[in-house]
Amino acid sequence: MARILIIEDEPSMRMGLIDNLEFEGYETDSASDGALGLKKINNGKFDLIILDVMLPKLSGFDVCKKVREAGNKTPIILLTAKGEEIDKVVGLELGADDYITKPFSLRELIARIKAVLRRSGESDQKSDSVRIGRLELHFNTFNAFENGIEVQMSHREFELLEYLWHHHNQTVSRDSLLKEVWKQEATTTRTVDNFILRLRQKIETDPDHPKIILTVHGIGYKLISG
Ligand code: CA
């Protein structure tokens, strides 16, 4: 899971961000001023930095500038105050990836975080994305997108689709899917069929007439890929 550094001097805002991001499943670290924040950036490895602009000791702009000057490309989201339009322009020029204006909703922040992490993930590992039907899939990060919008998929759906993908154009029996995807967990071939139906709803243009995950009667399924 992504590790996020929060640099914010206001205690209630800092604690709120820590609680909410950890609740969302992110790992966090934090700093209450710019100098300490920069020290943590230089001594640690983060996937994302949330950086307040107005900070004691070293401003968010200064931190951003120093990070980029050092060749560190960790994505940065700036927290700017309402009315400080100039901050956004300066921040982006200094190498921030995005900004969010206080007060913001948690939902908005999470959406920005996901978008920034996705962009940085894509530039790191572009080759790991695979197109299957309507979806673009990143099996390594368990993300699926349709026209750039994230599609919710369960871990098991990913595993099933990934297994079929690795065996594309081959008939895969229900029993082997149970063994390889469901491991030793007790379930029935009916469960496999139900998951296939759900995957078709997400990837097929016409789920009632599948062209990608075909049924091989009496045996199992075959994922067609050109
Ligand atoms: Ca502040």
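**Notes on the model**

1. Ser59 provides the N-terminal cap of helix α3, with a side-chain oxygen 3.2 Å from the backbone nitrogen of Phe61. The model is a predicted one, and the distance should be read accordingly. Beyond the helix comes Gly71, which has a positive phi near 80°.

2. Helix α3 spans residues 60–69, and its buried residues are Gly60, Phe61, Val63, Cys64 and Val67. These residues lie on the same side of α3, because the arc they cover around the axis is only 165°.

3. A calcium ion has three protein donors, Asp9 (OD), Asp52 (OD) and Met54 (O), at 2.1 to 2.3 Å. Their spacing in sequence is D-x42-D-x1-M.

4. Asp9, at 30% relative accessibility, counts as partly exposed.

5. Thr80 is located in strand β4 (residues 76–81). Its relative accessible area is 0%, and it is accordingly classed as buried. Leaving aside residues up to four places away in sequence, Thr80 touches Val53, Asp87, Lys88, Tyr99, Ile100, Thr101 and Lys102.

6. The chain is divided into domain 1 (3–123) and domain 2 (129–223). The C-alpha centres of the two domains are 37 Å apart.

7. Helix α8 comprises 15 residues (189–203) and reaches 21 Å from its first C-alpha to its last, close to the 21 Å expected at 1.5 Å a residue. Its buried residues are Val192, Phe195, Ile196, Leu199, Arg200 and Ile203. They fall on the same side of α8, because they cover an arc of only 145° around the axis. In general, an α-helix has 3.6 residues a turn, so residues three or four places apart point the same way.

8. Which elements do the buried residues of α8 pack against? The partners are the strands β6 (129–132), β7 (135–138), β11 (213–216) and β12 (220–223), together with the helices α6 (155–166) and α7 (174–180).

Definitions and conventions
Residues numbered from 1 in each chain as written. Predicted model: local features only at pLDDT ≥ 70, side-chain atom pairs only at ≥ 80, totals over all residues. Heavy atoms only, no water. Domains from an automatic or database assignment. Buried < 20%, exposed > 50% of the residue type's maximum accessible area, 1.4 Å probe, protein only. Helix = DSSP H or I, 4+ residues; strand = E, 2+ residues; numbered from the N terminus. Arc of directions from axis to C-beta. Polar contact = N/O pair within 3.5 Å; in protein donor to acceptor, adjacent residues only side chain to side chain. Donors = N, O, S within 2.8 Å, 3.2 Å for Na, K, Ca; no water. Expected span 1.5 Å × (residues − 1). Contact = heavy atoms within 4.5 Å.
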